[in-house]
Amino acid sequence: MYKIRKDIVHRDDVSLLVRSFYAKVRRHETLGPIFNGKIEDWDSHLERLTDFWEMVILNSGPGAGKFNPVPVHKEVDRFTQNSITQAHFGNWLELWFSTLDTYFYGTNTDFAKEHARRMAHILFFRIMEGRGAKV
Ligand code: HEM
Ligand code: HEM
């Protein structure tokens with residue numbers, strides 16, 4: 001079957017992206033156990049992450065002011081006994097890019113990649129900084 005890829009332009013597109021991405025994350029050898037261990041209510045997590053990426057990619061939706069990902073990931077790092085590494089972020093980005101490339105193509109798609117890459121740097125740096133600062 002031939003499927004024409006398009007850009008991310010509606011919340012429905014973001015929802016497809018988020019759901020397909022987390023389906024891969026949950027099956028991933030090293031990411032899966034962390035996400036499945038920490039997240040109890042997947043339906044609301046997926047809605048929340050759709051809000052996040054709709055806000056970032058499309059600048060719309062109910063996400064504005066609702067997110068502060070740095071403390072959330074410091075807490076995830078504590079949950080894993082400080083075992084988050086750069087490899088986790090590398091794997092996360094690989095799954096994000098491959099999901100985007102499966103379904104989408106275009107300016108917003110490129111921005112979704114670039115923004116995640118930037119966030120990965122910041123989140124990893126702040127996790128490491130947090131360990132040193134004994135938060
Ligand atoms: C933890 C790190 C980050 C978080 C939580 C974050 C969060 C957000 C959010 C919530 C938005 C949508 C808000 C809006 O459009 O007004 C956004 C958009 C954007 N972000 Fe980030 N961001 C992060 C890192 C970065 C970095 C490091 C850069 C660039 C060096 C960047 C560049 C942008 C750009 C260019 C937009 C689009 C603005 C627009 O077109 O309206 N972000 N980000
Ligand atoms: C650039 C890479 C990443 C981005 C953009 C990202 C983004 C996010 C966002 C926006 C949330 C929701 C925060 C909230 O509910 O307020 C979240 C939650 C979460 N992230 Fe990430 N994340 C990234 C990498 C990772 C990695 C590498 C891991 C694990 C190794 C991870 C584990 C989690 C978990 C377990 C949650 C759920 C926390 C909870 O609800 O208790 N994330 N992430």
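Thr-109 touches Lys-6, Asp-7, Ile-8, Leu-100 and Phe-104, once residues up to four places away in sequence are set aside. This is a predicted model, so please take every value I give as computed from it. Thr-109 lies in helix 6. Is Thr-109 buried or exposed? Its relative accessible area is 1%, and since the cut-off for buried is under 20%, Thr-109 counts as buried. The side chain of Thr-109 also has a polar atom 3.3 Å from the backbone nitrogen of Tyr-105.

Next, Asn-91. This residue is in helix 5. The relative accessible area of Asn-91 is 18%, so by the under 20% cut-off Asn-91 is buried as well. Which residues does Asn-91 contact, leaving aside neighbours within four places in sequence? They are His-28, Thr-30 and Leu-31.

Now the ligand. Around ligand 1 we find Met-55, Val-56, Asn-59, Pro-69, Phe-111, His-115, Arg-118, Met-119 and Ile-122. By class, that shell divides into 6 nonpolar residues, 2 polar and 1 charged. Where does the largest share of the shell come from? Helix 6 gives 5 residues, and that is the largest share. Helix 3 and helix 6 each supply at least two residues of the shell.

For His-115, a side-chain N or O atom is 2.8 Å from a nitrogen atom of ligand 1. For Asn-59, a side-chain N or O atom is 3.3 Å from an oxygen atom of ligand 1.

Last, the largest pocket. Its volume is about 810 Å³. The lining consists of 30 residues, and those closest to the pocket centre are Tyr-22, Phe-35, His-45, Val-72 and His-73. Which helices each supply at least two residues of this lining? Helix 2, residues 31-38, is one of them, along with helix 3 at 42-58 and helix 4 at 69-79. How does the lining divide by class? There are 21 nonpolar residues, 4 polar and 5 charged.

Technical notes. Residues numbered from 1 in each chain as written. Chains lettered and ligands numbered in written order. Predicted model: local features only at pLDDT ≥ 70, side-chain atom pairs only at ≥ 80, totals over all residues. Heavy atoms only, no water. 1 Å grid on protein atoms, 1.4 Å probe; cavity = no way out; pocket = protein on both sides within 12 Å on 5 of 7 lines; lining within 4 Å. Points joined across faces, edges and corners; volume = space filled by probe spheres on them. Helix = DSSP H or I, 4+ residues; strand = E, 2+ residues; numbered from the N terminus. Nonpolar A, V, L, I, M, F, W, Y, C, P; charged D, E, K, R; others polar. Buried < 20%, exposed > 50% of the residue type's maximum accessible area, 1.4 Å probe, protein only. Contact = heavy atoms within 4.5 Å. Polar contact = N/O pair within 3.5 Å; in protein donor to acceptor, adjacent residues only side chain to side chain. Near = heavy atom within 4 Å.
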